[in-house]
Amino acid sequence: MADLLSLKESVLVYLDRSGGLRKLAEHSKAYTDPQLTEAVFRFHISVNPSDVLEVDPLLGDCVLHDPLKATQLFQSVCFLAIKTLSLVEKIQTESQVHVILKLTSLPPFPEYTLDLSSHHCSFGLMRPVCMEGLVLALTRVTKYTQGARFLCEDEDCPCSGGFQHIRVHAPGATESATVRNDFSCMNCGSQLKEDAKFRVLGGERKSLTVMDNLWLYVFFSSVYADELCNAMRMGRLYRVIGIPALVHQWPNITWSIEANNIQPWEPAPKDFPKINASFQQLLRDTAASPWWFSAILTHCFGLHVAPPGLYNTLKLSLLLSLVQSRANTEDTFHNLDVLAITTETLILSRLMMLSLSLSCRGVRHQPSGEMFASLSRDEHGAGTANIHAGSSLLATGGICMLGDLNSYKKDKLDSIQSVLENRTASVFIRGKKYGEDADEHVSFPVQCSFWAYTDTSCRSARADSLEIGPISTQLADAFGLVVQCKDMVGEQTPIAQTVHSLQQALQLGKPQYPSQWKFSTQDYQEVKKKKKFTNLQVETSPAAEKIIQGYYMAIRRIRSQSQGVNMSVASVKLLISLAEAHCKLCLRTVVKEEDAVIAVLLCENSVTLRHGASALLIPPDAVFPCDLGAVDGLHKRDTALDEFHQNILRFIYAFAPGSKMYITEE
């Protein structure tokens, strides 16, 4: 008894120090409404185990290893505080106070981490553990009983009235553990019956499936309630603190966990304290030009897949899309979709797969798999609909590679176009099939960039634009950035690729293309792991804004009048995303005019491929007009880009409304 009183005193000290008593008083105000008739009054208490250990090690040990006992201690102290301070007059017994301890963290030791790859399926006492992983599936929202009042059927028993028999939901418990018809009175042993008018329904509960340690094929089924219900989204990484409740044995091992706290989580990067020395030296050597750094990165990327000079525009587009990806970010996702037009699908697929390996999260979608979301029945819960994330949702914040669009049927291409335009994926749930009264449409935001390519070798070119294979112009418009993989004209491309493949086969491990710039795939991966590019916060300079705005106004006017093409606001978003991505790729924090020029050239070539040329008359190889094997090539490229810059300004001056206010004729 003395130990129990000592623990309760420690609870009171902790509540006083942590501000818990003040929050208890504020929360009690919500229950003072005279029209409110409830038997159970719920109070959330935030508990930091480290702070509790400083107050009383025994109490801290109780919180970490016997949470049910700790909850009873906090419940008793909160009841005494409520009665002493007269906070809620309706509370008559301690059992009416439903305390939920919200653990803010757990000690960073392996004993408190749930890792099924190395953990036995036995914990003894139920205690809180932490797990980290990717959300793969969610179920529909279901209700549960938070608390209920029971009365003794014997009218002479004191428990036939009042609030002596109150049952509340416990972590990991099923609905039948809270409400059923075979409970007995603790006073006389007679049967208890529920007073239905005092039943308190909990908020919402969902179950979810999380993959442990990212890619280990060990699954969890977690149940979380109320305000935690909408805290998780498919395709995101989270750290969950909860109490394991059930273990389903062979053939599948599944932990059922009642979540106590949920926090967004991102794996700590490997130990790469500084950026690669080669990149640092390149950054210093290319400081004279705002275009050199990104050009050399593009030139040196994927040289074991394709020879220098081939697919430079595509490689730059893929790198720009990569630096815009940022897994698990809560900010607005600036997607940068890429559609490549080619006759060499094998080489293109290899380049995209190489680039995909650099993404913070990359998913290669298979045409036979589910791209957006699928349904099944929840086997471990209430039998409701279980919504499984498809490839695009699993790639949240990263890249979803669709591959060859020729392999997709028309209905699937229509679905892809709809998602690209609306950035949402929806699934229809039939209520009768999953035990619900009403049907429901559930929508999920799609926050990833899509990569795809299409083969045009079987089609002839039109007079006004490049034939884009079996896909429609509307689908190409939905992608935004369309790239023609034709950096070398005529028969040079297949010959150069053939020579490259033969040399690779005969000279294993030897450098095929001597150059003063040498970067391996591992160098790119190290920069990616440090997230040097993706974590940059950039802002747009006024000069860059004027070019982007002026080009959009001019091209919208020209194409709508001469071609009947409607340039939507998505074009502005594409221009901004391209300019910001090029700025990040150059490791800058301010978007310059030169970044906007690259964005305009890529965007104009993309629109030309779909709808024909405009008055701007940009050649297909505008971004990489010459070979970059030496410094002279970089100077020639700068000269060409400066000329394109002036052409863009003249185009804006001539066709953009109001451009004469900020662009001089000189």
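Does Ser 606 count as buried or exposed, and at what relative accessibility? In this predicted model, local features need pLDDT of at least 70 and side-chain atom pairs count only at pLDDT 80 or more, while totals for chains, interfaces and linings use all residues. Residues are numbered from 1 along each chain as its sequence is written, and side-chain values use heavy atoms, with hydrogens and water left out.

Ser 606 has 0% relative accessibility and therefore counts as buried (under 20% relative accessible area, with exposed over 50% and partly exposed in between; 1.4 Å probe, protein chains only). The residue belongs to helix α18, residues 593–611; helices are DSSP runs of H or I with at least four residues, strands are runs of E with at least two, and both are numbered from the N terminus. Beyond its neighbours within four places in sequence, Ser 606 is in contact (heavy atoms within 4.5 Å) with Gly 480, Leu 481 and Val 482. Its side chain reaches the backbone oxygen of Gly 480 at 2.7 Å, and a polar atom of that side chain lies 2.8 Å from the backbone nitrogen of Val 482.

Helix α8, residues 292–300, is largely enclosed by the rest of the structure, because nine of its nine residues are buried. Among them are Trp 292, Phe 293, Ile 296 and Leu 297, together with His 299 and Cys 300. Just after α8, Gly 302 adopts a positive phi of about 70°.

Strand β4, residues 145–152, contains Gln 146. This glutamine counts as buried because its relative accessibility is 5%. Between Gln 146 and Val 40, the C-alpha to C-alpha distance is 8.2 Å, although 106 residues separate them in sequence.

Terms used. Polar contact = N/O pair within 3.5 Å; in protein donor to acceptor, adjacent residues only side chain to side chain.
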